[in-house]
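Here's a quick briefing to read with the model open beside you. Take a look at the structure first, then work through the points below.

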Amino acid sequence: MELLKLLSGSEIVAQVLSFLLLLFVLRVFAWKKILALLDQRKERIAAEFRNIEDTKLQVARIRDEYEAKLKGIEAAAKLRIQEAVVDSRKIVEDSRKKAHEEAQEIITNAQASVKYELSKAKQELKKEIVDLAIGAAENVIQERLTEAEDRKLVEDFLKRMDDVG
């Protein structure tokens, strides 16, 4: 209130008129420019917010794609590992089968070789027995039959021995 006592009525009216005149001048010359600057700033801020939101969406989309790719890579890696395990098991099983077949073949060949050697040894033994029997018969009889007859006698004897044994 003391402030009103210090000012006179004409001063207050002059001040109000000056203020209104200043307001009118600003409105005519600067108000549109100031509002245009404020609108531009408002639009720029809104555009920045839209850009930030768009960037956030892009980041989220890229993150989702990255995670999906990682899951795909992990699934592919698991599949490859499983395939490698299956392949290695198959290789091991094939190797075992091959080794078993080779062992069977070696055993079969060894058996055939033993049979052959046994047959060969029997033939040699028969020849030696024939020769010994002929030699013994010559000593006992002191007369020699023909060699063919001697062989026939001994071979008949051996056949009878094979039939009995």
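**Charges, helices and patches**

Let's start with one side chain: Glu65 is partly exposed, with a relative accessible area of 38%. Keep in mind that you're looking at a predicted model.

**Salt bridges**

- How many salt bridges does the structure hold? There are two of them.
- Arg61 and Glu65 sit four residues apart in helix α2, so about one helical turn separates them.
- Arg61 is partly exposed as well, and its relative accessible area is 44%.
- The other bridge links Glu53 with Lys56, and here the closest N and O atoms are 3.9 Å apart. That still counts, because the cut-off for a salt bridge is within 4 Å.
- What separates Glu53 and Lys56 along helix α2? They are three residues apart in that helix, which means about one helical turn lies between them.
- Glu53 is partly exposed, at 43% relative accessibility.

**Overall layout**

- Following the sequence along, you get the pattern α-α-α.
- Helix α2 covers residues 9-141.
- The chain has 165 residues, and 3% of them count as buried. Buried here means under 20% relative accessible area.
- The chain exposes about 15400 Å², with carbon and sulfur atoms supplying 62% of that area.

**How confident is the prediction?**

- The mean pLDDT of the chain is 85, and 88% of the residues reach 70 or more.
- Which element of the chain has the lowest mean pLDDT? That's helix α1, residues 2-6, with a mean of 66.
- At the other end, α2 has the highest mean pLDDT among the elements, at 89.

**Patches on the surface**

- Which residues gather in a patch of negative charge on the surface? They are Glu117, Glu124, Glu128 and Asp131.
- Glu128, one of that group, has its place in helix α2. Its relative accessibility is 48%, so Glu128 counts as partly exposed.
- There's a nonpolar patch on the surface too, formed by Leu7, Ile12, Val13, Val16, Leu17, Phe19, Leu20 and Leu23. Together these residues have about 710 Å² of accessible area.
- Val16, one of the members of the nonpolar patch, is found in helix α2.
- Is Val16 buried or partly exposed? Val16 is partly exposed, with a relative accessible area of 45%.

Methods:
Residues numbered from 1 in each chain as written. Predicted model: local features only at pLDDT ≥ 70, side-chain atom pairs only at ≥ 80, totals over all residues. Heavy atoms only, no water. Salt bridge = Lys/Arg side-chain N within 4 Å of Asp/Glu carboxyl O. Helix = DSSP H or I, 4+ residues; strand = E, 2+ residues; numbered from the N terminus. Buried < 20%, exposed > 50% of the residue type's maximum accessible area, 1.4 Å probe, protein only. Patch = residues over 30% accessible without salt bridge, like charges linked within 9 Å, V, L, I, M, F, W, Y side chains within 5 Å. Areas by Shrake-Rupley, 256 points an atom, 1.4 Å probe, with all protein chains shown as cover. Lys, Arg positive; Asp, Glu negative; His and termini not counted. Charge placed at Lys NZ, Arg CZ, Asp CG, Glu CD. pLDDT = per-residue confidence, 0-100.
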